[in-house]
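Here are my notes on this one, written up as numbered points. Have the model open while you read.

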Amino acid sequence: MSELTSEFLVITIGAILVNNFVLSKFLGICPFLGVSKKLDTALGMSGAVIFVMTLASLVSSLINQFLLTRDFVIGGRTMNLQFLQTLVFIVVIASLVQLVEIILQKVSAKLYESLGIFLPLITTNCAVLGCVVLNAKATGPLQSTWYGATIYGFCSAVGFALALVLFSSLREKLDLAQVPKAFEGTAISLVTAGILAMAFLGFSGLV
Amino acid sequence: MSDKPRKFKGGVHPSDSKALSASCAIQDAPLLDKYVVIMHQNIGAPPQLLVKKGDVVKKGQLLAKAGGFVSVPLHAPTSGTVSAIDKCPGPTGISVPAIHIDADGEDEWGSPFEPIANWQNCPAGELRQRVWDAGIVGMGGAGFPAHVKLSPPEGKEIDTLILNGAECEPYLTADHRLMLEQAEDVVLGAAILARILGLESAVIGIEENKPDAIAKLEEVAGKYHVRVQPLPVNYPQGAEKQLIYAITGREVPVGKLPMDVKCVVQNVASAVAVADAVVKGIPSIERVTTVTGRPVKTPGNWRFRIGTPIAKALELAGGITEQPAKLLLGGPMMGIAQSSLGVTVMKNTSGILLISSDEVSLYSSEPCIRCGRCVEVCPMSILPATISQAVENKRFDWAQELNVQACIECGSCSYVCPSHRPLNQHFKWAKVEIASKLRRRND
Amino acid sequence: MELKFIIISIISTGIIGVLLGVIIGVVAKAFAVEIDERIEKVEELLPGANCGGCGFAGCSAFAKAVVAEEAAPGQCPVCSGDDVANIASYLGIEAGQGEKMVALVRCSGDISNTVRSLYNGIRDCRSAVVVAGGAKGCDYGCLGFGSCANACPFGAIEMRDGLAVVHPELCVGCENCVATCPKNLIVMVPAAAEVHVYCNSPEKGAAKRQVCKTACIACRKCVKASGEEEHMLVDGFLVKTNYENPPSADLVEASACPTTALRVAGKHAANEYQGVSK
């Protein structure tokens, strides 16, 4: 297997299962708990996150590669703009979320309403920023290219979607259960999320 | 068609307690001085009243005519005067309109139709009309008009007629005694029903715990190409869909009728009523009912006129020896608890059952422990535990997705549930809510 | 650090910002959704209870209908008179306010006054009625499991001794309880009417008395005391308040109803009840 192919497998399987953003890296817990009450909204949120994360990875790795990491010489000293990474990435993600919001409102008003506050909150979804930052720091021959970063972004988002959909299905079933008063609501959800995370621990060592 | 019956999935084996009344020969109940005939005795449209207060009626005279195709006429159980058209407690706990008849003691016959002596040569349509005119309904408990089942719509072919003599409900022995004592009439009824459907033969399904009835029927069955099929003892063997599967191996899909798998099922008591209506010209005005239970002094099987008050029926059985805890119409699994002794015997009252206080106890429903016993015993292969939880949370849409409509309300799940969950009631409720939602949508 | 370097950073960040801003601007123009701001404003003025009492799917659907002049603001049963007036003046249309209606549970048979059989099933009226018509001796009476109280978004129905009691001051007339009651016991009556007959059984007086101590037996005492058929109407074996011309609260004392089925609404509901939190 060539190095690129093996890295491709590491990126995809790693991002979806082994180093799942929610259940292993514990990023993006806010929408994970907030939008998982119903499977329908969870699916909508997953779609939105996949879209935003893939696009954000693409755009920010392009900016990172061709602008921020470009060395230039000023006054005899070689410098670059890498210190602007966080700032620029946040701006990019925020505008992308804006775009998704505007488009969604026109295309599917129902989904727009059901996502409610969580759509603009993708802006501050640490999973998106985390993914972009990880891309910028990557050293692998595939992930450090713009298309490798996009693949990684997409796969991380799929991992996020997987966790969200699994969890929302569990919560829908949980609605039917008779839960002791003290554990009702978020408490039992967090316990469930913990058990789900432990289950995902079983994937470690897969790649 | 193999002779070995198939075993349907699930089912339970409650103690049958049939010994209380199984050896008691059917007795004719004496004439009473008052009968209360409940108007709406069938599934479908209620019949239309033909008499008014003060009218003098003869035994067998029409009291009400069919109010549509899925409806049957009603006949006077004896001669006398209509004393009132008033309400009386109904079997479901709601007061229902009823015709009160003061008997004159003459029991004077005034049949609405003549016997058809030569039924072998009588056209099927005329025989079917006679079944309708005689007001015969499914006497096993459902009360579905018999003629409707005998009128398959254009293009629906019927190849099997099954007579239901399973009597899988514990305690009840009315059909058992009927098959034993009137085996010829059962077979004759089967032959007439087969002729109406254009069939040559019929099958009678009987649970193996009635060997005397099986032997007796086998003796006389040969005369009309009727086959007797012993069935393993397993509740609900007598449920229509389970019986069809046991005998033919065909499964009736959810929401479909036995007709859709080319079968017609009639109760043995209905078959006897058909034989009486055709050969003797007697409309459906009496039926054999088991009066039983531990608190009953002398349990037994009686031939009651339709409209006999339950209180009178219990009197005939010698009254009670102890205060009963529960009065049921039907068997202990599917019977309906009664709150009044004023209910009267209807065409589908197969049993009057008293339960003593040490046989029942008040349970409170506990959370489901997911033991899966209800899933094991469910003869319809649905998931009682999951549906029940959905209903508990008023998620009737989920219950619908989980096919709660397939439930035949046999009560097996409630019987085995270690948490004493009211599963059967959950399903009944869900079915009603789903039906009313559909109605609202159609409006 | 050289000044040039700072300028380069500012300019490049600025360019990225401006570029993204322009893209968003263009997309926003292309995907613009027409929103009538009046709808939002009306929705703000509405109570936001989403009870469905107006006959629309919720407050936002009602707001849309009001702005489109398919509905009058007064159709909202929850709004106070001032709220309705505000909406009407904002939109410059007629308020179309009707008379305030409240729910009335036409039954007074609590546990001590009625005959009941033992029922050990699901504690919900709609479920109990499926099994054997409910455990109450009277076929028409309140079953007392509180399906209506659960359906009420405003906590206006109290379950007291197995009887649903409406607190008119909390009731806004959304009719959710009317649709829930499996016995069709609950009707909407004008809030101005003070005296009601708390019975719904069309049975004969003797039959009713067998199962309930507080049934209306149609003795007509109240009818006579109020002047023939003006304030009270006789319907078979049941007397009803004439809501076109309701009697005053004095009638209850004047007529001395022998079964106490005739009651003053305020007294019937009176006790320390603050509503339940939802």
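Into which domains is chain B divided? Chain B splits into domain 1 (1-29 + 109-361) and domain 2 (373-442), with bounds that come from an automatic or database domain assignment.

A word on conventions: this is a predicted model, so local features need pLDDT of at least 70 and side-chain atom pairs count only at pLDDT 80 or more, while totals for chains, interfaces and linings use all residues. Residues are numbered from 1 along each chain as its sequence is written, and chains are lettered from A and ligands numbered from 1 in the order in which they are written.

1. Domain contact in chain B. The C-alpha centres of domain 1 and domain 2 of chain B are 27 Å apart. Across the boundary, 15 residues of domain 1 of chain B are in contact with 15 residues of domain 2 of chain B (contact: C-beta atoms, placed from the backbone, within 7 Å). On the domain 1 side of chain B, the touching residues are nine nonpolar, four polar and two charged. Here Ala, Val, Leu, Ile, Met, Phe, Trp, Tyr, Cys and Pro count as nonpolar, Asp, Glu, Lys and Arg as charged, and the others, Gly among them, as polar.

2. The mixed sheet. Six strands of chain B form an open sheet in the order 1-14-13-17-15-16, with mixed pairing. Strand 1 (27-28) and strand 16 (336-337) of chain B are at the edges with a single partner strand each, so one side of each has no neighbour in the sheet. Helix 4 (residues 174-181) of chain B packs on this sheet, touching strand 13, strand 14 and strand 17 of chain B, and its direction makes about 125° with that of strand 13 of chain B. For the bookkeeping, helices (H or I, at least four residues) and strands (E, at least two) are DSSP runs numbered from the N terminus, and two strands pair if DSSP finds at least two bridges between them. Axes are lines fitted to C-alpha atoms, for helices over the stretch in contact, and angles run from 0 to 180 degrees between N-to-C directions.

3. Strand 13 in detail. Strand 13 (residues 286-292) of chain B pairs with strand 14 (residues 300-305) of chain B in the antiparallel sense over six bridges, and B:Thr289 stands opposite B:Trp302 there. Seven of the seven residues of strand 13 of chain B are buried (buried: 20 or more other C-beta atoms within 10 Å of its own; exposed: 12 or fewer; partly exposed: in between; C-beta atoms placed from the backbone). In a regular strand the side chains alternate between the two faces of the sheet. Here B:Glu286, B:Val288, B:Thr290 and B:Thr292 point one way, and B:Arg287, B:Thr289 and B:Val291 the other.

4. The antiparallel sheet. Another open sheet in chain B has four strands in the order 2-8-7-4, paired antiparallel. Its edges are strand 2 (34-38) and strand 4 (56-57) of chain B, each with a single partner strand, so one side of each is left without a neighbour in the sheet. Strand 4 of chain B is joined to strand 7 (residues 80-89) of chain B by two bridges, and B:Val57 has B:Gly80 as its bridge partner.

5. A helix crossing. Helix 5 (residues 183-196) and helix 8 (residues 268-280) of chain B have axes that come within 7 Å and cross at roughly 80°. That makes the two helices of chain B roughly perpendicular (65 to 115 degrees; under 35 is roughly parallel, over 145 roughly antiparallel and the rest oblique). By class, their contact has twelve nonpolar, one polar and one charged residues.

6. The peptide bond from B:Tyr235 to B:Pro236 is cis, with omega near 0°; B:Pro236 is in the loop between strand 11 (226-231) and helix 7 (240-248) of chain B. B:Lys394 has a positive phi of about 55° although it is not a glycine, and lies in the loop between helix 11 (384-392) and helix 12 (396-401) of chain B. B:His420 also has a positive phi, near 55°, in the loop between helix 13 (412-416) and helix 14 (423-442) of chain B.

7. Between chains. Finally, 14 residues of chain C are in contact with 18 residues of chain A. The chain C side has eight nonpolar, four polar and two charged residues.

Key. Two residues are in contact if their C-beta atoms, placed from the backbone, lie within 7 Å.
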